[in-house]
Amino acid sequence: MGWLDKNPPQGSLYYQRRWVKLDVDYLRYFDNDKEVYSKRIIPTAAITGVTNVGEQKFEVVTTNRTFLFRAESDFERNEWVSVLQNFTRGRQEGSREITSHSSMTPGSPLTPEQQGYLELRGLRSKLYTVVSGDKVFLYKNMEDYRLGIGITSIDMNVGNVKDTDRRSFDLTTPYRIFSFLADSEQHKDQWVEAMREAIGEALSNSEVANQIWAEPSNGCCADCGAAKPEWAAINLCVVVCKRCAGEHRGLGPSISKVRSLKMDRRVWTEELIQVFLLLGNERLNRFWAANVPPSEALSPTSCSEDRRRFVSSKYRQGKYRKYHPLYGNQEELNNALCINVQCSDVLETLCLVFCGADVNCSTGQADCPSPLSLALAHNQKLQAQFLSHNLNTELPRSEVTGAMEPQHYSPQHPVTHNGFLFKTASMARPITERKAREEFSRRWCMLNDGNFSYYESDKNSTPNGTLKSTEIVCMAVNTPERHGYYDHTFELYSDSERIYLFGTDDPDSHREWVKSITKTFIPSNAEGLLRLAFERIGRLRYKDGLNLQSPRVGWFALVGSSLHAYLEDSVEEEEIHLRKLQELSIQQENEVLVLVERGRTLYIEGEKKLDFQGWCVSVQRAAGSAGDSLSQQQLTETDIPVIVDRCIDYITQCGLTSEGIYRKSGVNSRVATLCEAFRRDARSVRLKEGEHQVDDVSNTLKRFFRESGEGLFTIQAASAWLSTPEESRKICQYQLLLSQLPRVNKATLRALVNHLYCVQRFAELNQMNLHNLAIVFGPTLFQSDGKDYTAGLVVEELIEHYTDVFEVDEMQLKRQLDEITAIIKASGSAGDFICTVYLEEKKETTEQHVKIPGSMTAAELTCEILDRRKIQVREKDYWSCWEVSQKEEMERPLHHLERVLPIIHSLGTDSHLLVKKHLAMEAIRIYLASKVDVSKHGMVKFREEKSILGLGLNTGSFHDRYFILSTVSLRMYKEVRSNRPEREWQVKNLRVYLGIKKKLRPPTWYLCCDTQTEMREWFSTFLTIQVRGHILSHWLL
Ligand SMILES: [Zn+2]
């Protein structure tokens, strides 16, 4: 800064003495050195050239205006020119579109919160005013704003905004009062609000940001170099600008956890700030950006496209990072990590982690099993802080999405193998028939250098055909005798849509070939699959989680009823239990196999038709029941055979008032048909009121138990169950026996006894009391002839002592019985229950009257309403059914599997059901997908409604409390450090509602979060726990 003479642009002869200031962002001049507000402010980004014009003068050139200055001496002038040139050169090199760019965004890119003309008192003309970030800029007119040449900027950290009149307001600073007059009252309100926000922003930021910027290299964006970056990736430890932060966010929280230095104040613990000061952008870039080709480097003016590419290359792929000497050696990396976290070198830890060291590896020490605990034990808080933000970070990987890159196929060991095999002509359709001996020809086969070739004989040197390992997409290993003359065969599927069938008589040779060939085409990162006794192995494309756009490549192997997979971005093998899938279907004209399991949906697509067809058939077969024992059935996720679950559910919905239920027999042929349908594919059987008869279903269930191999109590244990224990030790004895049952049997017994307990609770309606049920079920479950009552007695006692033997939660049981009562009440009230449901909002024209059968789920109701209104469901539209309470001003989205009927009966007169889109669903999905464990904790405001003398008066106010939500309970602590919770609730007994308006009157108690996001996170966690992870599967399908 300094004094300069400036000539007025009109060309007047007189120079005016001006105080001129130059910083990274702006060149400003003032009337004198005491003045705070400039006469002119020129963003350095708008300066296109600075030239020497002789006589101590120099020109500052912008797109359409030139400013002439004169210094005291040539020396001084030269100094100004060189500094100015330095400032502007960097920017111009970065971008050719500087002119167009700077005309849109004067100075450092302005993102105006509010802009327009305002009258400034004391001035005749209006000024074009822009509120941006923590500043207010004044321009002579809009044209000047576009060009970036302003009058002055007002820092709002010292500002105060006051309404003075209907249309006018004052912006007061210690130096001057700016009295503005807006066009209208409404405009004035907008201006006042925008300026107040700017003040808020100016005040909120300083603390953390200033601390972080104390490390000089944190003063520039780690990616593009822009000044004063206000964002950070807290796991990567880099400080970045707003625009780069946007690209970081695009990588997803598993790669970059983006937080604001200004707004996310709570995340900035003292330790985290220390980590950022210790590391700093410069040191970090020596790791992250050790090898950036100049052509790929960013500048502050780079376009979004370039930014996206750069940020993704840098952090998602780790393309520019400096490789750690131990890179590729997992064990050594882990070892080095464990040692290093005990000292203070966080940078080294970061290098290790982002070169592959496993943050969750085992340290081999019982008292500190993980690197994090090790760091804590050695009082390395900064190390611990870094590790804790990277427990679930996805590591950089070189492969780019979906592309079939060579490294997928490079086998770890060169494989060679040769010998005779019998081969049929290759085919372009699935092999369904058995091949005769004549169709096979003896061929000399060689596996060498990644090629599998077959020759006329071992004397020939030219192969009849060759399959490159990269061409093989799948191998199927057939069961003996499946394909004809030769017992042991395997099929190879090529990417040119052909199937090659090879056979041999020798099981050892067969095994050897299968092993060798798979080794050549299964990549080393999926070689875990090779140890399995698979019937089919190969690569498939898949989509899951948040990546529904572009399919990625995974390696799969089918073993029994399990599908093992190595998905693209995970090192761990995954196992999908096909019999426990909630849904398995082939969609989009046989091109997508949809596997819905707990917590997620996996979409598998074939790369090629032929092998995919084979996969579909095998996977479907593997997902069906394998035999007649309990554990061989298709199971629910709680390990109950689907057939048992469906029958019990149906009887609960439709059969509890049916007289003589379980004693009366159904129609034999219909029962046989049902049993057969369940045996074929239990998951696809939907029992429906009206379509199925209660007694047929009850007998299907009985027949299943009677005919199941081993029986419910297992053959080995049955006699122990039947030997009546002493009265005093009865409960213990049953509990002991129960604990010895296999998992599936235990879960099934529990579900069945719970059901029978409910049945007999309504004995006055169905005439089936404890004793009657025991007579029926004793022989059925023990598969005995029922000549004596021993079996019946066991069943009778299990039902009678249900709550003790199974340690049942009374609250839950009560809720279950209440629900049943509601169902019975509904079915008793002449015919079907008709309910009014609204679409999108409650008004007469959106009314729909819907018949609600007992079995109807929220998803079915939603579909019905959308169908009637002919509404097309688009992707990412999450239509759902809501329970809305007007009086309490709150709402609750029903889970799609929730039954509607019991809810209708619990609705008060001021509540109704509404079908509308779940707008936050996408955010919920993203949040949940980024989480590994289902729990949450944090400070939340809490208030409990106590009604005084039943008058329903509001009492009490909000108090800050610390909450911990786990899969079982919600605990409330007075403060973070409290040891004992003040209150505790069972999560499954809670109903969680969302407040619609700011004020709400809750029925019992309610929690209030600071932000919408916080609330959404709590709510999602509740939801996930309560529905046991179903949420991510099709919300509506
Ligand atoms: Zn940047």
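**Notebook: Asn745, the zinc site and the cysteines**

I located Asn745 in helix H19, which spans residues 743-761. The model I am reading is a predicted one.

Leaving aside residues up to four places away in sequence, I listed the contacts of Asn745 as Leu630, Gly711, Leu712 and Thr714.

Next I turned to the zinc ion. Which protein atoms are its donors? I found the SG atoms of Cys221, Cys224, Cys241 and Cys244, at 2.2 to 2.3 Å from the zinc ion. I noted the angles among the 4 donor atoms as 103 to 118°, and the site is tetrahedral. For comparison, I wrote down that the ideal angle for four tetrahedral donors is 109.5 degrees.

Along the chain, the donors of the zinc ion are spaced as C-x2-C-x16-C-x2-C. Cys221 and Cys244 link distant parts of the chain, 23 residues apart. I placed Cys221 in the loop between helix H4 (185-213) and strand E15 (231-233), and Cys244 in helix H5 (residues 242-250). I recorded Cys221 as buried at 5% relative accessibility. Cys244 is also buried, with a relative accessible area of 0%.

Finally, I asked how many disulfides there are. The count came to 0 disulfides. I looked up Cys355 as one case: its nearest cysteine sulfur belongs to Cys351 and is 6.6 Å away. A disulfide requires the two sulfur atoms to be within 2.5 Å, so Cys355 is in no disulfide. I also noted that Cys355 is buried, at a relative accessible area of 2%.

Methods: Residues numbered from 1 in each chain as written. Predicted model: local features only at pLDDT ≥ 70, side-chain atom pairs only at ≥ 80, totals over all residues. Heavy atoms only, no water. Donors = N, O, S within 2.8 Å, 3.2 Å for Na, K, Ca; no water. Tetrahedral: all angles 85-135°; square planar, octahedral: opposite > 155°, others 65-115°. Helix = DSSP H or I, 4+ residues; strand = E, 2+ residues; numbered from the N terminus. Buried < 20%, exposed > 50% of the residue type's maximum accessible area, 1.4 Å probe, protein only. Contact = heavy atoms within 4.5 Å.
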